[in-house]
Amino acid sequence: DGLNAAQLPEAIHALANQVAGQRLALEDGKYLVLQSNTYAAGQIYSWSLMRYLADGSVDSQFGTNGVVHSRCQTNQGRVVADRQGNIWVVSAVSASYSQPSADIGLCTEKISESGLPSVSAPNPIKTALGANVSVHDAKLTDDGALTVVLGTTNAGSSGLKALKYQADGNLVGNYGIRGTADLQGLSADQIAGIGVRIVDGSGAMA
């Protein structure tokens with residue numbers, strides 16, 4: 001962001017004091033800010049998404065007075081947008097919000113450019129994984145699919161998975177096993193210490 005080396009320690013300190021969030025630039029100079037919401041006790045429970053104009057003012061034409069709130073109870077997420085203005089937010093549903101525990105996994109919401117639920121996927125898309133998840137990355141690939149990479153923990157065991165969704169929110173049937181691929185070759189200790197990123201438009205990961 002144009003900072004020189006001398007400015008970095010102060011900038012990093014300022015970021016560390018913020019609630020977890022993500023900023024995503026849009027092609028027209030507008031930008032989205034995904035912010036985690038917290039209870040008074042400090043427990044994260046959902047997200048809110050705001051859109052800003054290029055001058056930094058809130059875009060009141062988006063959602064309700066510039067903001068969209070999650071329809072799921074989640075604890076963290078990632079936001080991506082396509083060239084048609086559709087916005088995807090992928091967030092983790094933890095065991096403390098979902099019973100039975102088999103239902104825990106992901107909540108994926110597709111939002112139109114206006115901030116309303118997308119016509120092609122109007123309802124939250126819930127993907128049960130039976131494990132607590134942490135979303136590492138999400139990206140729209142060249143074929144128009146949404147690929148999500150996440151870590152899982154369940155009963156002391158850890159894993160890495162990649163999921164691929166079609167534009168209507170259904171999992172891509174011929175990807176992995178019914179839309180979910182297990183990423184093999186790492187021990188639980190190694191998985192706990194890394195973050196996975198989608199590095200190009202084909203969905204390759206590192």
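Let me begin with the ground rules: residues are numbered from 1 along each chain as its sequence is written, and side-chain values use heavy atoms, with hydrogens and water left out. Since the model is predicted, local features need a pLDDT of at least 70 and side-chain atom pairs count only at pLDDT 80 or more, while totals for chains, interfaces and linings use all residues.

On confidence, the protein averages a pLDDT of 82, with 79% of the residues scoring at least 70; pLDDT is the predictor's confidence in each residue, from 0 to 100. The lowest confidence falls in helix 1, residues 8-16, at a mean of 58, and the highest in strand 7, residues 105-111, at 93.

The protein has two helices and twelve strands, where helices (H or I, at least four residues) and strands (E, at least two) are DSSP runs, numbered from the N terminus. The order of elements from the N terminus on is α-β-β-β-β-β-β-β-β-β-β-β-β-α. Of the 206 residues, 39% count as buried, with buried meaning under 20% relative accessible area, exposed over 50% and partly exposed in between, for a 1.4 Å probe and protein chains only. Among contacts with a separation of 6 or more, 42% are between residues 24 or more positions apart, a contact being heavy atoms within 4.5 Å.

Now to the charged pairs. Side chains of opposite charge can pair when their charged atoms come close. Counting a salt bridge as a side-chain nitrogen of Lys or Arg within 4 Å of a carboxyl oxygen of Asp or Glu, the count comes to seven.

Glu109 forms a salt bridge with Arg71, with the closest N and O atoms 3.1 Å apart. Glu109 lies in strand 7 and Arg71 in the loop between strand 4 (67-69) and strand 5 (77-81), so this pair ties together parts that are 38 residues apart in sequence. Glu109 is buried at 2% relative accessible area, whereas Arg71 is partly exposed at 40%.

Asp137 pairs with Arg78, the closest N and O atoms being 3.5 Å apart. This pair links distant parts of the chain, with Asp137 in strand 9 (residues 132-140) and Arg78 in strand 5, 59 residues apart. Here Asp137 is buried at 5% relative accessibility, and Arg78 is partly exposed at 24%.

In the salt bridge between Asp182 and Lys161, the N to O distance is 2.4 Å. Asp182 is in strand 12 (residues 180-182) and Lys161 in strand 11 (residues 157-165), 21 residues apart. Elsewhere, salt bridges that share partners join Asp28, Lys30, Arg51 and Asp59 into one network.

What surrounds Ser48? Ser48 lies in strand 3, residues 44-52, and is buried at 9% relative accessible area. Leaving aside residues up to four places away in sequence, Ser48 touches Val33, Leu34, Gln35, Asn37, Val67, Val68 and His69. The C-alpha atoms of Ser48 and Ser36, twelve residues apart along the chain, are separated by 6.4 Å.

Finally, which residues lie nearest the centre of the largest pocket? They are Leu26, Glu27, Ala81, Asp82 and Arg83, out of 15 lining residues. A pocket here is an open set of points on a 1 Å grid over the protein atoms alone, where a 1.4 Å probe fits, with protein on both sides within 12 Å along at least five of seven lines, and lining residues have an atom within 4 Å of a point.
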